[in-house]
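Please look over the sequence and the 3D structure below before reading on. The briefing that follows takes up the pockets, then the overall fold, and then some details of the backbone.

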Amino acid sequence: MKYFDTHCHLNSPQLYPKIEEILQNCKEKGIDLLLVVGYDYQTSLLAAEIAKKYPFCYAAIGIHPTELNSLVGIDEDQFYTLLNHPKVVALGEIGLDYYWVKDIDERNKQKEWFIKQIEIANRYNKPIIIHSRDAAQDTYEILKHHRPMKGGVMHCYSCSSEMLPLFLELGLFIGLDGPVTFLNAANPKEVARSVPLDRLLVETDSPYLAPHPYRGKENTPLNLPLIIEAIAKIKEINAEKICECTYSNGKKLFHV
Ligand code: NI
């Protein structure tokens, strides 16, 4: 089987020091496509470096809603020209995070930057990777009125299963991660059941969100098969089929 981890942070301080070893193990396990996602200025630069260096790694660059200050003093236009590189395939992760940010002005700033980065993605003809935490309604409203022209993925989908049809209607892919394996997690399992196979992506979000039975430990892309197995069980479809579909969905969305 061939696997595509469409969201990992090999650019994080936890995983980057071990990147050679991780990639070697990935190769042996059939995880032969990885999308390394930036979340602030520095990790975006590093994601792009990784993608340029390793043939089966691709990069996304973007500023996460809780990291907006990382662009202070940076030439923004210059930063986004990284999107011209053929191995920088998406803008992300971007979006709204109301879990960590309660202040209204700060939330408004998040919205402003979310819209701005969608527009930049459209200008560069790239899909987006969306982070949305405790902000389902506002995320939906923004996406509805500022459509990502090249599509995108609701990364680690954590909005309700009731809202799922709305995001699907916008043409978005749905990313599922470690939580779908957690024993007590009803919502991600419900989402896994409902999401059509042709809109599903699998992600590890490593080093975060390690799947069961490694919950709470450091995660790596090597755990991707555990996520696929959990989804296969829920959907009552064999794991090979899930693997195949998510692999080709990822290739389709990110043009790799
Ligand atoms: Ni992430």
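**Briefing on the predicted model**

The largest pocket holds about 700 Å³ of space. A pocket, on a 1 Å grid over the protein atoms alone, is an open set of points where a 1.4 Å probe fits, with protein on both sides within 12 Å along at least five of seven lines, and lining residues have an atom within 4 Å of a point. Grid points are joined across faces, edges and corners, and a volume is the space filled by probe spheres set on the points. This is a predicted model, in which local features need pLDDT of at least 70 and side-chain atom pairs count only at pLDDT 80 or more, while totals for chains, interfaces and linings use all residues. Residues are numbered from 1 along each chain as its sequence is written, and side-chain values use heavy atoms, with hydrogens and water left out.

**The largest pocket**

- The lining of the largest pocket consists of 28 residues, and those nearest its centre are His131, Arg133, Cys156, Asp205 and Leu209.
- At least two lining residues come from each of strand E4 (88-97), strand E5 (128-133), strand E7 (173-176) and helix H7 (186-194), where helices (H or I, at least four residues) and strands (E, at least two) are DSSP runs numbered from the N terminus.
- Strand E5 contributes the most to this lining, with 3 residues.
- Sorted by class, the lining of the largest pocket has 12 nonpolar, 9 polar and 7 charged residues; Ala, Val, Leu, Ile, Met, Phe, Trp, Tyr, Cys and Pro count as nonpolar, Asp, Glu, Lys and Arg as charged, and the others, Gly among them, as polar.

**The second largest pocket**

- The second largest pocket has about 190 Å³ of space, and its lining includes Val180, Thr181, His212, Pro213 and Lys233.
- Helix H8 (residues 224-235) gives the most to the lining of the second largest pocket, namely 5 residues.
- In this lining, 6 residues are nonpolar, 2 are polar and 3 are charged.

**The overall fold**

- The protein has 9 helices and 8 strands, and its C-alpha atoms fill a box of roughly 45 × 40 × 30 Å along the principal axes.
- The radius of gyration is 17 Å, which agrees with the value near 18 Å that a compact globule of 256 residues would have; this radius is taken over C-alpha atoms, and the globule rule is 2.2 Å times the number of residues to the power 0.38.
- Of the 256 residues, 58% are buried, where buried means under 20% relative accessible area, exposed over 50%, and partly exposed in between (1.4 Å probe, protein chains only).
- Among contacts (heavy atoms within 4.5 Å) between residues at least 6 apart in sequence, 72% join residues at least 24 apart.

**Details of the backbone**

- Most residues other than glycine have a negative phi, and most peptide bonds are trans.
- The peptide bond from Gly92 to Glu93 is cis, with omega near 10°, and Glu93 lies in strand E4.
- Another cis peptide bond joins Ser206 and Pro207, with omega about 15°, and Pro207 is in the loop between strand E8 (200-202) and H8.
- Asn125, in the loop between helix H4 (104-123) and E5, has a positive phi near 60°, and this residue counts as partly exposed because its relative accessibility is 48%.
- Leu209 has a positive phi near 55°, is placed in the loop between E8 and H8, and is partly exposed, with a relative accessible area of 30%.
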